[in-house]
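Here is a guided look at one protein chain, written for reading alongside its sequence and its 3D view. Please keep both at hand as you go.

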Amino acid sequence: IPFVGMVPAVKPAASTSQSRRVGVMATSATFQGEMFDDLVQRFASDVEIVRQVCPGLVQAVEKGQVESPETIQLLAEYVRPLVEARVDTIVLGCTHYVFLRSAVQRLVGPNVAVIDSGRAVARQTARLLREKALLNASDNKGRTHYFTTGEAEQVAGVIARLTGDTTPLVTGISLPSPAP
């Protein structure tokens with residue numbers, strides 16, 4: 001099975017930024033280690049990258065609370081330093097944050113581009129499926145199957161609210177315990 005990894009959309013942000021100042025909203029784990037630094041070095045070495053760690057946003061999305069007053073307050077707190085740094089582009093550097101895109105855009109206004117990796121990942125996925133002859137050749141629409149380590153019924157309700165899929169196929173799984 002082909003696997004398509006996700007990285008924050010630093011490359012497209014760097015290529016479209018006029019001010020050469022890009023904000024990246026992400027989890028602390030995204031900024032740890034060498035991967036993010038390598039990404040910036042390869043594609044944005046001439047751009048000022050303003051990093052913004054956003055604790056609590058993943059949990060808000062996982063609860064389906066993308067427009068709650070508490071989530072909007074958190075978002076306002078996290079975008080404020082980016083606006084003060086005069087970034088003209090904000091990268092949503094976490095897969096969960098795409099569900100917060102509209103709220104972030106409202107907070108920063110129309111003069112700041114808000115981007116994520118979704119379209120690039122979709123293009124790469126389509127390319128790999130074509131390359132491996134795995135594209136659905138029938139007229140039948142496929143279904144997305146979600147796997148969760150959480151409570152399947154609860155996750156199904158959140159997925160339905162976030163995606164509009166009224167009958168999401170969700171399966172609960174358990175992960176093996178880590179070795180002692």
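Which residues touch the most other members of the largest nonpolar core? In this predicted model, they are M25, L57, I90, Y97, L100 and V104, out of 23 residues in that core. The largest share, four residues, is supplied by α5.

Leaving aside residues up to four places away in sequence, L57 touches M25, T71, L74, L75, Y78, Y97 and L100. Another core, of 16 residues, lies apart from the largest one, and its members include V10, A26, V91 and I115. As background, nonpolar side chains tend to be buried together in soluble globular proteins.

**The chain as a whole**

Stepping back, the chain holds eight helices and six strands. Read along the sequence, these follow the pattern α-β-α-α-β-α-α-β-α-β-α-β-α-β. The C-alpha atoms fill a box of roughly 45 × 45 × 40 Å, taken along the principal axes. The chain has 180 residues, and 34% of them count as buried. Among contacts with a separation of 6 or more, 72% are between residues 24 or more positions apart.

**The strands and their pairing**

Now to the strands. Four of them form an open sheet in the order β2-β1-β3-β4, with parallel pairing. From one strand to the next, the twist averages 20°.

Within this sheet, β3 (residues 89–92) and β4 run parallel and are joined by three bridges. To find the pairing on screen, look for T89, which stands opposite A113 in β4. In a regular strand, side chains alternate between the two faces of the sheet.

A further parallel pair is made by β5 (residues 145–148) and β6 (residues 169–172), with four bridges between them. H145 stands opposite L169 in β6. The chain passes from β5 through helix α8 (residues 152–163) to β6, and this β-α-β crossover is right-handed. T148 also has a bridge partner in β6, namely G172.

An α-helix has 3.6 residues a turn, so residues three or four places apart point the same way. After α7 comes A133, with a positive phi near 55°.

**Loops and positive phi angles**

Most residues other than glycine have a negative phi. R20 is not a glycine, yet its phi is positive, about 65°. R86 is likewise a residue other than glycine with a positive phi, near 60°.

| Residue | Loop | Relative accessible area |
|---|---|---|
| R20 | between α1 (10–16) and β1 (21–26) | 29% |
| R86 | between α5 and β3 | 55% |
| N140 | between α7 and β5 | 59% |

Are these residues exposed or partly exposed? R86 counts as exposed because its relative accessibility is 55%. N140 is exposed as well, with a relative accessible area of 59%.

N140 also gives a sense of distance across the model. N140 and C54 are 86 residues apart in sequence, and their C-alpha atoms are 40 Å apart in space.

Note on methods. Residues are numbered from 1 along each chain as its sequence is written. This is a predicted model: local features need pLDDT of at least 70, side-chain atom pairs count only at pLDDT 80 or more; totals for chains, interfaces and linings use all residues. Side-chain values use heavy atoms; hydrogens and water are left out. Helices (H or I, at least four residues) and strands (E, at least two) are DSSP runs, numbered from the N terminus. Two strands pair if DSSP finds at least two bridges between them. Axes are lines fitted to C-alpha atoms, for helices over the stretch in contact, and angles run from 0 to 180 degrees between N-to-C directions. A crossover is right-handed if, with the strands pointing away from the viewer, the path from the first strand over the helix to the second runs clockwise. A nonpolar core is a set of buried Ala, Val, Leu, Ile, Met, Phe, Trp, Tyr and Cys residues joined through side-chain atoms within 4.5 Å. Buried means under 20% relative accessible area, exposed over 50%, partly exposed in between (1.4 Å probe, protein chains only). Contact means heavy atoms within 4.5 Å.
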